[in-house]
Amino acid sequence: MTSPHVDWTALPGRPCSVAAALQLLGERWALLAVREISYGNHRFVDIVRNTGAPRDRMAARLRSLVEAGILERRQYSERPERHEYLLTEAGAELRPVMLALLTWGDRWLADTPPVTLEHVCGHPLDPVTICRACGQEVGRGETTLHVNAPGWEVSGPTPR
């Protein structure tokens, strides 16, 4: 599956993949649907119940996620006709985003985390960012921003 094309000029402000991702995933029901499907809840009724979303809103959100290639809609029953939702490769690659939001929420918003993720070794998962080249954990202040968008620099648009 190919990724949807992003028209950077249609997005306000700095050309940025965060802005493009938020255009697709920035509405609360989108990420909550991805959460439920990644937890193994693939049927519409379960997704609606576990997110608390209005049925019409969730139906629209699931449609947009299927159109964007984040989810796959697959029929599991003919009579009555029923479908389930599965993560595509692009959807599965949202896992680090979900883990980061979960970890942040547990640290800053929850007295007691409502769910806990364990690694297969049996210990709680503590997600970190690792440099692909050297294998070291990336700490605060250890990255450099390189601006690749024409007409932009770190501080904003270049003077004309």
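I count a residue as buried under 20% relative accessible area, as exposed over 50% and as partly exposed in between, with a 1.4 Å probe and protein chains only.

**Entry 1: the model**

I am working on a predicted model, where local features need pLDDT of at least 70, side-chain atom pairs count only at pLDDT 80 or more, and totals for chains, interfaces and linings use all residues. Residues are numbered from 1 along each chain as its sequence is written, and side-chain values use heavy atoms, with hydrogens and water left out.

I looked up the confidence first. pLDDT is the predictor's confidence in each residue, from 0 to 100. The protein chain has a mean of 92, and 97% of its residues reach 70 or more. Helix 1 (residues 17-25) has the lowest confidence, at a mean of 90, and helix 3 (residues 44-51) the highest, at 98.

**Entry 2: overall layout**

I took helices (H or I, at least four residues) and strands (E, at least two) as DSSP runs, numbered from the N terminus. The protein chain has six helices and four strands, and their order along the sequence is α-α-α-α-β-β-α-α-β-β. I get a C-alpha trace that spans about 60 × 40 × 30 Å along its principal axes. Of the 160 residues in the protein chain, 24% are buried.

For contacts I used heavy atoms within 4.5 Å. Taking contacts between residues at least 6 apart in sequence, I find that 38% join residues at least 24 apart.

I listed the buried residues of helix 3: Phe44, Asp46, Ile47, Val48 and Thr51. They pack against helix 2, helix 4 and strand 2. Just after helix 3, I noted a positive phi of about 80° at glycine 52.

A nonpolar core here is a set of buried Ala, Val, Leu, Ile, Met, Phe, Trp, Tyr and Cys residues joined through side-chain atoms within 4.5 Å. The largest has 21 residues, and those with the most contacts inside it are Ile47, Met58, Leu62, Leu65, Ile70, Leu71 and Tyr85. Helix 2 (28-38), helix 3 and helix 4 (55-67) each supply at least two residues of this core. Helix 2 gives the most, with seven residues.

I then checked two of these residues. Beyond its neighbours within four places in sequence, leucine 62 contacts Ala33, Ile37, Phe44, Ile47, Leu71 and Tyr85. Isoleucine 70 lies in the loop between helix 4 and strand 1. I record isoleucine 70 as buried because its relative accessible area is 7%. Not counting residues up to four places away in sequence, isoleucine 70 touches Leu24, Val34, Leu65, Leu86, Leu87, Thr88, Ala90, Gly91 and Leu94. I also took the C-alpha separation of isoleucine 70 and glycine 105, which are 35 residues apart along the chain, and got 23 Å.

**Entry 3: strands 1 and 2**

I treat two strands as paired if DSSP finds at least two bridges between them. Strand 1 and strand 2 run antiparallel and are joined by six bridges. Leucine 71 stands opposite leucine 87 in strand 2, and arginine 73 has tyrosine 85 of strand 2 as its bridge partner. The hairpin from strand 1 to strand 2 passes through four residues.

Proline 80 is in the loop between strand 1 (71-77) and strand 2 (82-87). I found the peptide bond from arginine 79 to proline 80 to be cis, with omega near -5°. For reference, most peptide bonds are trans, and most residues other than glycine have a negative phi.

**Entry 4: rings and charges**

I count a charge as over a ring if NZ of Lys or CZ of Arg is within 6 Å of the ring centre and within 35 degrees of the ring normal. The charged end of arginine 43 sits over the ring of tyrosine 76, 3.9 Å from its centre.

**Entry 5: leucine 102**

I placed leucine 102 in helix 6 (residues 95-108). Leaving out residues up to four places away in sequence, leucine 102 touches Val115 and Leu117. Leucine 102 and leucine 117 are 15 residues apart in sequence, and I get 9.5 Å between their C-alpha atoms.
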